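Thank you for sending the two-chain model for comment.

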Amino acid sequence: MGNPTPLLEIRDLRASAGGVEILKGLNLTVNAGEVHAIMGPNGSGKSTLANVLSGRPSVEVTGGSVHYHGIDLLELAPEQRAVDGLFLAFQYPVEIPGVANSYFMKAALNAARKHRGEEPLDGMDFLTFARERMKLVEFDEKLLHRSLNEGFSGGEKKRNEILQMAILEPRLAILDETDSGLDIDALRIVANGVNTLRSPERSTIMITHYQRLLDYVVPDFVHVLADGQIVTSGGAELAHELEKKGYVWLQTEVPAP
Amino acid sequence: MSAEQSHSQSHFQSHFGAQFARREDEFASASPAWLAPVRRAAMQRFDELGLPTRKDEPWKYTPTSRIAKAAFLQEPRSESGLSREDIVRIFGEPAADCSLVFENGRFTRSLSSVDALPETVTASSLAEILRDDPDQVQRSLSVRADSLTRPLAALNLAFVHDGAFLSIGSSRDEQSIELLFVSTRAAGVANLRNIIRIASGANAVISMRYASDLAADASVEDVRSAGDYLTNAVTSVELGDNAELDLISVQNEADCALHLSSVDVEQQRDSRFRSHLFAIGAGLSRSEVNSVLAAPGADCALNGLFLVGGTQHVDNQTVIDHASPHCSSRELYKGVLGGRSRGVFNGLVRVREDAQKTNAQQSNSNLLVSDRAHVNTKPTLEIYADDVKCAHGSTIGRLDEDALFYLRSRGLDERSATQLLIGAFVSEVGEAIPHELVRAHVERTVAAKLATVTSSEIA
Ligand SMILES: Nc1ncnc2c1ncn2[C@@H]1O[C@H](COP(=O)(O)OP(=O)(O)OP(=O)(O)O)[C@@H](O)[C@H]1O
Ligand SMILES: [Mg+2]
């Protein structure tokens, strides 16, 4: 099968925020169709990595490169990355009073459709499509007609992220602790959303602290990020090991790759 | 005061003084005898007061030199050759049962629709009333000169000649009326005096919309040399017992306009007054809304939105005077400022000694969408009664970077995301307009302005 271009290729990535270096030479390759899990202690730089990939202006890339299906991702504005199929489910989704959830999602979908040269969906067509997706993630339609995330419970916010993912059908989805704080039913729904999207063209990076999610969505690879670098990588079994022994075990027993 | 400023101010005064002397005869032939001494006293009062300067507290942040320097060379011709189609082009399709059109400060009957009015309603021009039935307005215009504290209101009274006269009697149906003011000359003064009376138990929705159509003006090529034009509008509103009025003011004049307007309201028992003010246009504008809650049970809501960019200067002044017990008021002004624009909000809520059981809420929040824009906000409560419930506050903020990033990360470009966030910030002001057609008009005007302000912020 030769050696196809990876969907995501991160080389020696360095990034800082607020004048502090957070990512310190990070390497990661994700091929099309793969599901990767990234675990690691609090403050190790997982969300910072997600932010760099989605283009948050407040994080400054100071070195290295990121290629997304062969193109220089760091050159693109956040919205260009989004319409090109990159999606970040935020660890802390923002509340935006006064912007209707449904309007926002329609605008997001139509931006992507425009990029693909497709006609925009009108209100009715969008609603039909959204209803189908809402079923998939057992989403209460009432939330669609409220202001974006405003007053949503923690779990509702996470489901809203997954609904957006289901609607936008990204090529590369990055889930930043989407499983944190969810009860078991919600977790199952999130996992279901990810599994439904799973295909040979699409890839997912799941940032998580818990093995629980990985029971539902079995990853192809598990990486451990510590102090701004990937310090070890392995298969799904690595997550079990971590769950049992904690991250301290890494520093003592596992040699860097 | 700089020497230059004082020079242009005295020029301004002598200019109007000379014009007043020249036009006194013309005024005398078109107005009742009792108005002549009122005019003269008002002119004298204007001379005494002079143009305000920045030393006058309510004018602290607004450069009156710009008003003084303007070259008010000619009285504009009133007829501008606008057609009904032009009016629709400028203001959109009619949004009310009845509309009065004023060109350069003068009523144009041929462009107005005042035919379908019920008997309980009089909608006419002040010039016609002064000619045909002046007794109707004698009380409203016989203002004692020493009670005039605002120089431009004094000037307005000295030159009073036209404006809208609306008298709404009680009926089962709500009346909706539009007053459309259009300026077609990039020079001169549109001096407008509107008198609005809502009788006991009556109920009305009145829009006042100010616009410019300078394309019709041959001299518009050199607007700069022609100088600014001035709209000086004074509106008095009387609300009888249990009367109700929604007054929508949309000021969307051209950049070369100086717009000065005041709305002075007196509210009787159990009356309800809601002002919805949109200050969007004009190079320099100052909009005053003042309401006196003169009898128990009166309720007043002042909503406002100022949305400006470029080098616009927008000044908002409000006074809510709780002069009786058991009245309530709510004030919400929002400001959005882009470019190098300047905004002022100066709101006073006064609760007099007798006004026990007053409930007053006042707030002003502002969004700066450019680093070079600036706003001064001063909400003030002056409370002399002891059994009251009052609160006030103001904020100045910038667009939430996290919200902006969230929207962009979903594919909305920076401009759309910015517009969406500003739109969300301002939307509640428009949503408070009860009349659907009027609301739609206002929301379109606001959206168009929003697009200009954001597109100049985002290259
Ligand atoms: N804007 C900033 N200014 C200063 N420090 C920052 C900034 N953003 C992140 N950091 C710091 O960088 C480090 C990495 O943060 P990051 O959010 O990436 O961690 P994380 O691995 O996602 O942690 P968690 O598991 O708690 O979500 C933390 O120490 C954090 O405080
Ligand atoms: Mg994190």
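1. Between the two chains, 31 residues of chain A are in contact with 16 residues of chain B. This is a predicted model, and the values below should be read as computed from it. The area buried between chain A and chain B comes to about 1,800 Å², and carbon and sulfur atoms give 70% of that area.

2. One of the salt bridges is between the side chains of B:Arg410 and A:Glu161, with an N to O distance of 2.7 Å. Nine residue pairs, with both residues at pLDDT 80 or more, are found in polar contact across the interface of chain A and chain B.

3. As to which elements build the side of chain A that touches chain B, at least two residues each are supplied by α1 (46-54), α2 (78-83), β6 (86-89), β7 (96-100), α3 (101-115) and α6 (154-168) of chain A. The most comes from α3(A), which gives five residues. Sorted by class, this side of chain A has 22 nonpolar, six polar and three charged residues.

4. Among the buried residues of α1(A) are A:Lys46, A:Thr48, A:Asn51 and A:Ser54, together with A:Leu49, A:Val52 and A:Leu53. Just after α1(A), A:Gly55 takes a positive phi of about 95 degrees.

5. Over all chains, the search finds 12 aromatic pairs. In the pair of B:Phe102 and B:Phe107, the ring centres are 5.5 Å apart and the planes stand at 55 degrees, so the pair is tilted. B:Phe102 is buried at a relative accessible area of 0%, and B:Phe107 is buried at 12%. Elsewhere, ring pairs link B:Phe16, B:Phe20, B:Phe27, B:Phe46 and B:Phe159 into a cluster.

6. Which residues does B:Val344 touch, leaving aside those up to four places away in sequence? Its contacts include B:Tyr61, B:Thr62, B:His313, B:Asp315, B:Gln317 and B:Val375. B:Val344 lies in strand β16 (residues 342-351) of chain B and is buried, with a relative accessible area of 4%. B:Val344 and B:Trp59 are 285 residues apart in sequence, yet their C-alpha atoms are 9.6 Å apart in space.

7. The structure holds 43 salt bridges over all chains. In chain A, A:Arg131 forms a salt bridge with A:Glu141, the closest N and O atoms being 2.8 Å apart. This pair links helix α4 (residues 123-136) to helix α5 (residues 141-144) of chain A, with the two residues 10 apart. Both partners are partly exposed, A:Arg131 at 40% relative accessibility and A:Glu141 at 24%.

8. In chain B, the side chains of B:Arg89 and B:Asp213 meet in a salt bridge at 3.1 Å, N to O. The pair joins helix α4 (residues 84-91) to the loop between β7 (203-212) and α8 (223-226) of chain B, across 124 residues of sequence. Here B:Arg89 counts as exposed at 51% relative accessibility, whereas B:Asp213 counts as buried at 7%.

Notes. Residues numbered from 1 in each chain as written. Chains lettered and ligands numbered in written order. Heavy atoms only, no water. Contact = heavy atoms within 4.5 Å. Buried area = accessible area lost by both parts, 1.4 Å probe. Salt bridge = Lys/Arg side-chain N within 4 Å of Asp/Glu carboxyl O. Polar contact = N/O pair within 3.5 Å; in protein donor to acceptor, adjacent residues only side chain to side chain. Helix = DSSP H or I, 4+ residues; strand = E, 2+ residues; numbered from the N terminus. Nonpolar A, V, L, I, M, F, W, Y, C, P; charged D, E, K, R; others polar. Phe/Tyr/Trp six-rings, centres within 6.5 Å; stacked < 30°, edge-to-face > 60°. Buried < 20%, exposed > 50% of the residue type's maximum accessible area, 1.4 Å probe, protein only.
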